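Subject: Structure handover and notes

Hello,

Please find the structure below, followed by notes on what turned up in it.

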Amino acid sequence: MGINGIVTDYYQAGYVNNKSAQAEEGKNFAEIASQKVTEAEKETVRENTLKSIDLFGPNAPDEVKQAWLEAEEETGVHIAKAGLYITPDGEHACFTRLAGQIAVKWAKGELNETDQVDLLGSSAESAINAVNKWIYDLDHPLAGQPARSIDEQRMIMQEKAFYEAFLEKLKGIL
């Protein structure tokens, strides 16, 4: 009994007042908080990915952009605005082939005033050509490059897996 005859524990055991709470019933606070943080991070990554695609593929058709998003989701590799691949834990970053191509265009003065660099082109075929070049560059590194650590090699393999997944999705468009 509570104050003035009002029951203080008026929710009966097992009663939940809304659908989202019903779905989370049986979870502790830490599990629910972790789930909400993960959902928010996924949304932030997706928003950043869309911004990145608009910078290095401003003329790419929507199917190409969708293929990119699907390849990122499939492989877990997210390439940031500058073309860097940053591991999900945030502890390592890798300069991707895409970032290399951005750097070359910048050095040549080919970036426009909005910092957009059109690497994917305006069709699925042009995007396939770009991805094939990036895969070739990964498979055939320049002579004289320093030895890579195990972590760097692992990130390069993940980058290549992303490009291959993206390439397969692009071929599906054609």
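Contact, as used in these notes, means heavy atoms within 4.5 Å. The model is predicted, and local features need pLDDT of at least 70, side-chain atom pairs count only at pLDDT 80 or more, and totals for chains, interfaces and linings use all residues. Residues are numbered from 1 along each chain as its sequence is written, and side-chain values use heavy atoms, with hydrogens and water left out.

Overall layout

There are six helices and two strands in the chain. Helices (H or I, at least four residues) and strands (E, at least two) are DSSP runs, numbered from the N terminus. Along the sequence the pattern is α-α-α-β-β-α-α-α. Of the 174 residues in the chain, 28% are buried. Here buried means under 20% relative accessible area, exposed over 50%, and partly exposed in between (1.4 Å probe, protein chains only). Taking contacts between residues at least 6 apart in sequence, 60% join residues at least 24 apart.

The core

Which residues have the most contacts inside the largest nonpolar core? They are Trp-68, Leu-98, Leu-120, Trp-134, Tyr-163 and Phe-166, in a core of 33 residues. Helices H2 (29-56), H3, H4, H5 and H6 each supply at least two residues of this core. A nonpolar core is a set of buried Ala, Val, Leu, Ile, Met, Phe, Trp, Tyr and Cys residues joined through side-chain atoms within 4.5 Å. In soluble globular proteins, nonpolar side chains tend to be buried together.

Leu-98 is one of the core residues named above. Not counting residues up to four places away in sequence, Leu-98 touches Phe-56, Trp-68, Ile-79, Gly-83, Leu-119, Trp-134 and Tyr-163.

H4 and H5

Leu-98 is also among the buried residues of H4, together with Arg-97, Ala-99 and Ile-102. The axes of H4 and H5 come within 9 Å and cross at roughly 105°. H4 is therefore roughly perpendicular to H5, a label that covers 65 to 115 degrees, while angles under 35 count as roughly parallel, over 145 as roughly antiparallel and the rest as oblique. The axes are lines fitted to C-alpha atoms, for helices over the stretch in contact, and the angles run from 0 to 180 degrees between N-to-C directions. On the H4 side the contact is made by Arg-97, Leu-98 and Gln-101, and on the H5 side by Trp-134, Asp-137 and Leu-138.

Lys-133 sits in H5 and counts as partly exposed because its relative accessibility is 41%. Just after H4, Gly-109 has a positive phi of about 75°.

Helix H6

H6 covers residues 150-173. At 1.5 Å a residue its 24 residues should span 34 Å, and the end C-alpha atoms are 35 Å apart, which agrees. The expected span is 1.5 Å times one less than the number of residues.

The buried residues of H6 include Met-155, Ile-156, Glu-159, Phe-162, Tyr-163 and Phe-166. They pack against helix H3 (62-75), strand S1 (84-86), strand S2 (93-95), helix H4 (97-107) and helix H5 (124-139).

Ile-156 has a relative accessible area of 14% and is therefore buried. Leaving aside neighbours within four places in sequence, Ile-156 is in contact with Cys-94, Arg-97, Leu-138 and Arg-148. The C-alpha atoms of Ile-156 and Tyr-85 are separated by 9.2 Å, and these residues are 71 apart along the chain.

Three further buried residues

Thr-96 lies in the loop between S2 and H4. Is Thr-96 buried or exposed? At 0% relative accessibility, Thr-96 counts as buried. A polar atom of its side chain lies 2.3 Å from the backbone oxygen of Gly-83. Beyond neighbours within four places in sequence, Thr-96 is in contact with Ile-79, Gly-83, Leu-84, Tyr-85, Glu-159 and Tyr-163.

Ser-52 is in helix H2 and counts as buried at 3% relative accessibility. Not counting residues up to four places away in sequence, Ser-52 touches Ile-79, Ala-80 and Lys-81.

Lys-65, in helix H3, is buried with a relative accessible area of 16%.

Regards

How values were computed. Polar contact = N/O pair within 3.5 Å; in protein donor to acceptor, adjacent residues only side chain to side chain.
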